[in-house]
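Please report on the fold, core, surface and salt bridges of the model below.

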Amino acid sequence: MAKLNSILLYCSIAIVILSSIPLAHCNIAQGPKAVENWFQKLSHAKPKITKLHFYFHDIVGGKNPTAIPIAQANSTSHSPTAFGSLAILDDRLTTGPEINSTTIGRAQGIVGAASLEEFSLLMSLNFVFTHGKYNGSTLSLLGRNPILNEYREMPIVGGSGVFRLARGVATAKTYTFSKNGDALVEYNVVVLHY
Ligand SMILES: *[C@@H]1O[C@H](CO)[C@@H](O)[C@H](O)[C@H]1NC(C)=O
Ligand SMILES: *[C@@H]1O[C@H](CO)[C@@H](O)[C@H](O)[C@H]1NC(C)=O
Ligand SMILES: *[C@@H]1O[C@H](CO)[C@@H](O)[C@H](O)[C@H]1NC(C)=O
C-alpha cells in the first residue's frame with residue numbers, strides 16, 4: 001500500500017510539474033480526435049518515468065482458476081518442458097502479496113511454453129489497470145519468461161490511455177509457488193511515457 005501511495009503521489013507531483021503543458025495525464029481525453037490532438041502536442045511533452053510495483057496472482061487450481069490451458073500439441077505430454085502448451089489468463093494484480101490486498105488491475109493474455117530445453121514462456125499480455133490514476137489505462141508486455149530464473153526481464157512494448165507510446169521493462173520474481181501450480185509473482189515495471 002505504501003508503494004501504491006508513493007506511485008499515486010509521484011503521479012500528482014508529475015501533474016503539478018507538468019501543469020503548464022495542456023495534457024491531462026491522469027484523466028486523459030478519449031476518442032480519435034483526442035488521440036490526434038495528443039500526438040500534435042507531443043513535441044512539447046517531456047518523457048517521464050513511472051514505476052509500478054504489484055503482485056500477480058496466477059491461479060491454476062481450485063474452482064475458480066484465472067489461468068486456464070486452452071491448447072497443446074500431441075507431443076506436449078512427452079515434453080519435459082511442456083513445449084507446445086498454451087494458456088489464457090485473466091490474473092488479478094494487487095498492491096501486496098496478501099490475498100485480501102487491494103486489486104489494482106488484471107493481467108490478461110496468452111502465454112505459451114516456447115522452449116524445448118527449459119521452462120520458458122512466451123508472454124503476450126496486457127496489464128489492465130482498474131484503480132486510481134491509472135484506471136482505464138493499459139500496458140502491453142511481450143517477452144520471454146524463463147520461469148525458474150530468479151529475475152525475468154521482459155519488454156513493455158506499448159500502452160494506452162495514460163501510457164500511450166510507453167516503453168519499458170518489467171522485472172518478474174516468483175514470490176511463492178504452491179504444489180498445485182498457483183504462483184504469486186512480484187512485478188516491478190518501469191516505463192517511459194509522456
Ligand atoms: C494427434 O493425435 C490425434 C489422436 O491420436 C491424431 O488423430 C492426430 O493425427 C495427431 N496429430 C498429429 C499432428 O500428429
Ligand atoms: C487481510 O487479512 C489479514 C488476516 O488474514 C488481516 O490481518 C488484514 O488486516 C487484512 N487486510 C485488509 C486490507 O483487509
Ligand atoms: C474505474 O473506471 C470505471 C469506468 O470509468 C469506473 O466505473 C470505476 O468506478 C473506476 N474504478 C475506480 C476504482 O476508480
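## Conventions

This is a predicted model, in which local features need pLDDT of at least 70 and side-chain atom pairs count only at pLDDT 80 or more, while totals for chains, interfaces and linings use all residues. Residues are numbered from 1 along each chain as its sequence is written, chains are lettered from A and ligands numbered from 1 in the order in which they are written, and side-chain values use heavy atoms, with hydrogens and water left out.

## Fold

The protein chain has two helices and nine strands. Their order along the sequence is α-α-β-β-β-β-β-β-β-β-β. Helices (H or I, at least four residues) and strands (E, at least two) are DSSP runs, numbered from the N terminus.

The chain has 194 residues, and 43% of them count as buried. Buried means under 20% relative accessible area, exposed over 50%, and partly exposed in between (1.4 Å probe, protein chains only). Contact means heavy atoms within 4.5 Å. Among contacts between residues at least 6 apart in sequence, 51% join residues at least 24 apart.

## Nonpolar core

In soluble globular proteins, nonpolar side chains tend to be buried together. A nonpolar core is a set of buried Ala, Val, Leu, Ile, Met, Phe, Trp, Tyr and Cys residues joined through side-chain atoms within 4.5 Å. The largest one here holds 29 residues, and Phe-127, Leu-139 and Tyr-187 touch the most other members. Elements giving two or more residues to this core include β1 (48-58), β5 (120-129), β6 (138-146) and β9 (183-193). The largest share, five residues, comes from β9.

Beyond its neighbours within four places in sequence, Leu-139 is in contact with residues including Leu-52, Phe-127, Ile-156, Phe-163 and Val-191.

## Backbone and a buried threonine

Thr-94 sits in strand β3. It counts as buried because its relative accessibility is 0%. A polar atom of its side chain lies 2.6 Å from the backbone oxygen of Gly-96. Leaving aside neighbours within four places in sequence, Thr-94 is in contact with residues including Phe-54, His-57 and Ile-104.

Ala-82 is not a glycine, yet has a positive phi of about 60°. Its place is the loop between β2 (67-71) and β3. Leu-165, also not a glycine, has a positive phi of about 60°. Leu-165 lies in the loop between β7 and β8.

## Surface

The chain exposes about 10700 Å², with carbon and sulfur atoms supplying 60% of it. Accessible areas come from the Shrake-Rupley method with a 1.4 Å probe; for residues, only the protein chains shown count as cover.

Ile-68, Ile-70, Leu-86, Ile-88 and Ile-110 make a nonpolar surface patch of about 370 Å². Patches use residues with over 30% relative accessible area and no salt bridge; like charges are joined within 9 Å, nonpolar side chains (Val, Leu, Ile, Met, Phe, Trp, Tyr) within 5 Å. β2 and β3 each supply at least two residues of the patch.

## Salt bridges

A salt bridge is a side-chain nitrogen of Lys or Arg within 4 Å of a carboxyl oxygen of Asp or Glu. The count comes to four. Glu-36 pairs with Lys-33, the closest N and O atoms being 3.8 Å apart. Both lie in helix α2 (residues 32-40), three residues apart, so about one helical turn separates them.

Glu-118 and Arg-144 meet at 2.7 Å, N to O. Glu-118 lies in the loop between β4 and β5 and Arg-144 in strand β6, so the pair ties together parts 26 residues apart in sequence. Lys-173 forms a salt bridge with Glu-150, its closest N and O atoms 3.8 Å apart. Here strand β8 is linked to the loop between β6 and β7, 23 residues apart.

Definitions and conventions
A polar contact is a pair of N or O atoms within 3.5 Å; within protein, one must be able to donate a hydrogen and the other to accept it, and residues adjacent in sequence count only if both atoms are side-chain atoms.
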